[in-house]
Structure formats: C-alpha cells, structure tokens
Amino acid sequence: MGVQSCAIPEQALLFQYAKGNGYADCYVAELAGAIDLAGYVAAFYTTFLFKIERALLALAARPSTDRQAKSLASGESAAFAAWRVEARTDDQLLMCDLSARTRSWFMIVPTRIGAQNATRLYFGSAVTAITNESTGRDSIGPLFQALMGFHKLYSRMLLRAASRKCGRLLGSEAKQ
C-alpha cells in the first residue's frame with residue numbers, strides 16, 4: 001500500500017481541527033513491522049526531504065538538529081524547530097507552529113499484514129481559519145489556499161519518505 005488520503009479518525013488529536021472553515025487532512029501508509037511513535041516521529045523529522053525544510057527554517061532563525069528531533073520524538077523535549085507539542089499520547093503527537101496557525105499530527109496503529117506485524121502510519125495537518133477583516137468571513141486565507149496543491153503533494157512525499165526510513169530501520173534491526 002502506498003500513501004493514501006483518508007478521513008481523520010475520530011480518536012485523532014487532529015480531529016478537532018476538521019470542523020469549521022479551516023483545513024485538515026490525513027494520509028496513511030502501512031509499514032511491515034512494528035514501530036513505535038518515537039521511532040516514526042524521529043524518522044519523519046530526520047528524512048532527507050524534511051532536512052530541506054529544516055534548512056529553510058534555519059534561515060529564519062529556527063535551526064534544528066537530528067538530536068533535537070530525536071529528543072522531541074522520545075518525549076524529552078516539547079519543542080522542535082518552529083513547533084511545540086500541543087498534545088501527546090502513547091500513539092499520537094500533535095504539534096502546533098509558533099504562530100498557532102498550523103498543526104502537524106502523527107499517529108501509529110499496530111495492525112497485521114497477513115500473519116506479520118505491521119504498523120499504520122498516519123500523518124495529517126491542519127490550518128486554522130482566521131477572520132477576514134473586510135468580509136467578516138472565516139477562511140484559511142489566500143496564502144494557504146494558494147499553497148494547498150503543493151502542501152498535499154509534499155505531505156504525501158513526507159509520509160512516503162518517513163515510511164521508507166522506518167522500513168530501513170526495521171530491516172537493519174532485524175539483521176542485528
């Protein structure tokens with residue numbers, strides 16, 4: 001199974017942002033093997049693709065390292081680059097950006113593929129609505145709207161990269 005778009009599960013920490021005039025999405029990928037949330041989040045934030053985003057954030061005075069990503073993933077830290085932890089459970093992590101406009105969400109669900117242990121990796125994001133001063137309407141705004149096509153593609157690419165990295169990590173553990 002590749003990366004698929006899906007409905008945000010009701011138990012998701014992100015679910016509250018699926019209402020109203022904001023935007024929320026959810027993508028899922030299945031991984032052969034069992035990985036915990038810390039392994040998934042660390043893999044996500046240390047992929048080559050996400051390191052490009054981290055480099056761009058560093059230009060805006062928000063540098064970050066792989067060590068900081070792993071510290072966030074393990075629960076030792078409550079902030080990473082331009083985000084802070086909004087909520088965390090054993091199987092979910094909800095991050096909020098420093099402007100409180102966007103959210104990034106991760107969830108793992110243990111499952112099986114045939115007789116083999118597997119993990120569903122969920123990744124989603126949300127953009128909260130703001131009120132347009134001239135119209136009085138709530139919307140995500142023209143900038144976020146203009147970037148939506150790129151965002152959807154980028155989200156899929158990020159989850160695919162994280163899933164592959166998790167798979168490689170599980171494969172290297174099995175060989176040891």
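Colleague: Which residues make the nonpolar surface patch of about 500 Å²?

Modeller: This is a predicted model, in which local features need pLDDT of at least 70, side-chain atom pairs count only at pLDDT 80 or more, and totals for chains, interfaces and linings use all residues. Residues are numbered from 1 along each chain as its sequence is written, and side-chain values use heavy atoms, without hydrogens and water. A patch takes residues with over 30% relative accessible area and no salt bridge, joining nonpolar side chains (Val, Leu, Ile, Met, Phe, Trp, Tyr) within 5 Å and like charges within 9 Å. Here the patch is made by Phe48, Ile52, Leu56 and Leu59.

Colleague: Is Phe48 buried or exposed?

Modeller: Phe48 is found in helix H2, residues 48-59; helices (H or I, at least four residues) and strands (E, at least two) are DSSP runs numbered from the N terminus. Buried means under 20% relative accessible area, exposed over 50%, and partly exposed in between, with a 1.4 Å probe and protein chains only. Because its relative accessibility is 67%, Phe48 counts as exposed.

Colleague: Why is helix H1 described as largely enclosed by the rest of the structure?

Modeller: H1 covers residues 37-45. Its buried residues include Leu37, Val41 and Phe44. H1 is largely enclosed because the buried residues number 7 of the 9.

Colleague: How many aromatic pairs are there?

Modeller: Rings of Phe, Tyr and Trp (its six-membered ring) pair if their centres lie within 6.5 Å; planes under 30 degrees apart are stacked, over 60 edge-to-face, and the rest tilted. By this rule the count is 14.

Colleague: What kind of pair do Phe44 and Phe123 form?

Modeller: The ring centres of Phe44 and Phe123 are 4.7 Å apart. Their planes are at 40°, so the pair is tilted.

Colleague: Which elements does that pair link?

Modeller: Phe44 and Phe123 are 79 residues apart in the chain. Phe44 is buried at 2% relative accessible area, and Phe123 is buried at 4%. The pair links helix H1 and strand S7 (residues 116-127).

Colleague: What is the angle between the planes of Phe50 and Trp83?

Modeller: Both Phe50 and Trp83 are buried. Their rings form a tilted pair with centres 5.9 Å apart, and the angle is 45°.

Colleague: Which residues of helix H3 are buried?

Modeller: H3 spans residues 66-74. Its buried residues pack against H1, strand S3 (79-80), S4 and strand S5 (92-97), where contact means heavy atoms within 4.5 Å. They are Ala69, Ser71, Leu72 and Ala73.

Terms used:
Areas by Shrake-Rupley, 256 points an atom, 1.4 Å probe, with all protein chains shown as cover. Salt bridge = Lys/Arg side-chain N within 4 Å of Asp/Glu carboxyl O.
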